Amino acid sequence: MKPAKMLSLVTTLSMAALTLGFAMLCYDRMQISYGPSGQYFDARSGVTFSDDAVLVYGLLAMVGCIATIWSTCWMIRVRRRGVLRRRRKNGI
């Protein structure tokens, strides 16, 4: 596989994994019942979660989704460019 094709595949898969991770974090944080101050305290681990993180993870998931779509289009374009070059070279 050529370096451009490999780079486009790795970029697309990485963006998809990051997007999925942020979407899962956003979903998990939405399921927590926050108090009136917008905070949730986990007594077992001693960690405090803020409800503001839901918005941030949601925005990161949206940006990741857009980047994944862009990367997928770029990957398709790189593959098509290679097919068109081969067709011109072979006279098809």
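Let's start at one serine: leaving aside residues up to four places away in sequence, Ser71 touches Ser8, Thr11 and Thr12, where contact means heavy atoms within 4.5 Å. Ser71 sits in helix α2, which covers residues 52-90. Ser71 counts as buried because its relative accessibility is 1%; buried means under 20% relative accessible area, exposed means over 50%, and partly exposed is in between, with a 1.4 Å probe and protein chains only. The side chains of Ser71 and Thr12 are also joined by a polar contact of 2.7 Å. That term stands for a pair of N or O atoms within 3.5 Å; within protein, one must be able to donate a hydrogen and the other to accept it, and residues adjacent in sequence count only if both atoms are side-chain atoms.

A quick word on what you're looking at: this is a predicted model, in which local features need pLDDT of at least 70 and side-chain atom pairs count only at pLDDT 80 or more, while totals for chains, interfaces and linings use all residues. Residues are numbered from 1 along each chain as its sequence is written, and side-chain values use heavy atoms, with hydrogens and water left out.

**The overall layout**

Now step back to the whole chain. Its secondary structure comes to two helices and two strands, and reading along the sequence gives the pattern α-β-β-α. Helices (H or I, at least four residues) and strands (E, at least two) are DSSP runs, numbered from the N terminus. The chain has 92 residues, and 20% of them count as buried. Take the contacts between residues at least 6 apart in sequence: 63% of these join residues at least 24 apart.

**Along helix α1**

Thr19 is another residue to look up, this time in helix α1. With a relative accessible area of 13%, Thr19 is buried. Not counting residues up to four places away in sequence, Thr19 touches Ala61, Gly64, Cys65 and Thr68. A polar atom of the Thr19 side chain also lies 2.8 Å from the backbone oxygen of Met15.

Follow helix α1 (residues 3-31) along and you'll find Gln31 in it. Is Gln31 buried or exposed? Gln31 is exposed, because its relative accessible area is 52%. Gln31 and Val54 are 23 residues apart along the chain, and their C-alpha atoms are separated by 9.9 Å.

**The hairpin**

Strand β1 (residues 39-42) and strand β2 (residues 47-50) run antiparallel and are joined by four bridges; two strands pair if DSSP finds at least two bridges between them. Across this pairing, Tyr40 stands opposite Phe49 in β2, and Phe41 stands opposite Thr48. The hairpin has four residues between its strands, and Gly46 takes a positive phi near 75° there.

**Aromatic pairs and cysteines**

How many aromatic pairs does the structure hold? There are three aromatic pairs, and two of them are set out here.

| Aromatic pair | Centre to centre | Between the planes | Arrangement |
|---|---|---|---|
| Tyr40 and Phe49 | 6.2 Å | 15° | stacked |
| Trp70 and Trp74 | 6.1 Å | 10° | stacked |

Rings of Phe, Tyr and Trp (its six-membered ring) pair if their centres lie within 6.5 Å; planes under 30 degrees apart count as stacked, over 60 as edge-to-face and the rest as tilted.

Trp70 and Trp74 are separated by about one helical turn, because they are four residues apart in helix α2. Trp70 counts as exposed at 58% relative accessibility, whereas Trp74 is partly exposed with a relative accessible area of 25%.

Last come the cysteines. A disulfide is a pair of cysteine sulfur atoms within 2.5 Å, and by this rule the count comes to zero. Cys26 counts as buried at 13% relative accessibility, and Cys65 is partly exposed, with a relative accessible area of 34%.
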